[in-house]
Amino acid sequence: DDGIWVAGETFKGFAAWANIASVERIGGQVLLGTAQDICYLVPLRAFAGAEDLARFGRLVASKVMRCRL
């Protein structure tokens, strides 16, 4: 609830919600952007389905002011 864990094949890390400045959906991805112009891309296929994406959207909207999901 303090932030989001991101992981790939060769990395993993944590981003606190306070560091996420914007969230938007672009094509088949959700883009989480920081104030330092670092972006985390989350493919829509990472979500189990529409309800999973909607639940993530509600969480993000409660944590990030500039949310356009």
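**The sheet and its helix**

Tutor: Strand 4 (residues 29-34) and strand 5 (residues 39-43) pair in the antiparallel sense, over five bridges. The model is a predicted one. Within this pair, Val30 stands opposite Val42 of strand 5.

Four residues lie between the strands of this hairpin. Asp37 sits in that loop, between strand 4 and strand 5. The phi of Asp37 is near 60°, a positive value in a residue other than glycine. Most residues other than glycine have a negative phi. Asp37 is also exposed, with a relative accessible area of 71%. The cut-off for exposed is over 50%, so Asp37 at 71% falls in that class.

Four strands form an open sheet, in the order 5-4-3-6, with mixed pairing. Its edge strands are strand 5 and strand 6 (66-68), and each pairs on one side only. On average, neighbouring strands of this sheet are turned by 15° against each other, direction ignored.

Strands of a sheet pair through backbone hydrogen bonds, either parallel or antiparallel.

Next, the lead-in to strand 3. Asn19 lies in the loop between strand 2 (12-16) and strand 3. Its relative accessibility is 44%, and Asn19 counts as partly exposed. That class runs between 20% and 50%, so the 44% of Asn19 places it there. Leaving out residues up to four places away in sequence, Asn19 touches Gly33, Thr34 and Ala35. Asn19 and Ile38 are 19 residues apart in sequence, and their C-alpha atoms are 10.0 Å apart in space.

Ile20 comes next. Beyond its neighbours within four places in sequence, Ile20 is in contact with Ala15, Leu32, Gly33, Thr34, Tyr40 and Val64.

Now the helix. Helix 1 (residues 50-63) lies across strand 3, strand 4 and strand 6, and runs at about 15° to strand 4. At 1.5 Å a residue, its 14 residues should span 20 Å; the end C-alpha atoms of helix 1 are 20 Å apart, which agrees.

Which residues of helix 1 are buried? They are Leu53, Phe56, Gly57 and Val60. These residues cover an arc of only 105° around the axis, so they are on the same side of helix 1. An α-helix has 3.6 residues a turn, so residues three or four places apart point the same way. The buried residues of helix 1 pack against strand 1 (3-7), strand 3, strand 4 and strand 6.

The largest nonpolar core has 14 residues. Ile20, Val23, Val30, Leu32, Phe47 and Phe56 have the most contacts inside it. Strand 3, strand 4 and helix 1 are the elements that give two or more residues to this core. Helix 1 supplies the largest share, three residues.

Several residues tie these pieces together. Val30, opposite Val42 in the strand pair, is among the residues with the most contacts in the core. Ile20 and Leu32 touch each other, and both are on that list too. Phe56 joins them there, and Phe56 is one of the buried residues of helix 1.

Key: Residues numbered from 1 in each chain as written. Predicted model: local features only at pLDDT ≥ 70, side-chain atom pairs only at ≥ 80, totals over all residues. Heavy atoms only, no water. Pairing = 2+ DSSP bridges. Axes fitted to C-alpha atoms, helices over the stretch in contact; angles between N-to-C directions. Contact = heavy atoms within 4.5 Å. Buried < 20%, exposed > 50% of the residue type's maximum accessible area, 1.4 Å probe, protein only. Expected span 1.5 Å × (residues − 1). Arc of directions from axis to C-beta. Core = buried A, V, L, I, M, F, W, Y, C linked by side-chain atoms within 4.5 Å.
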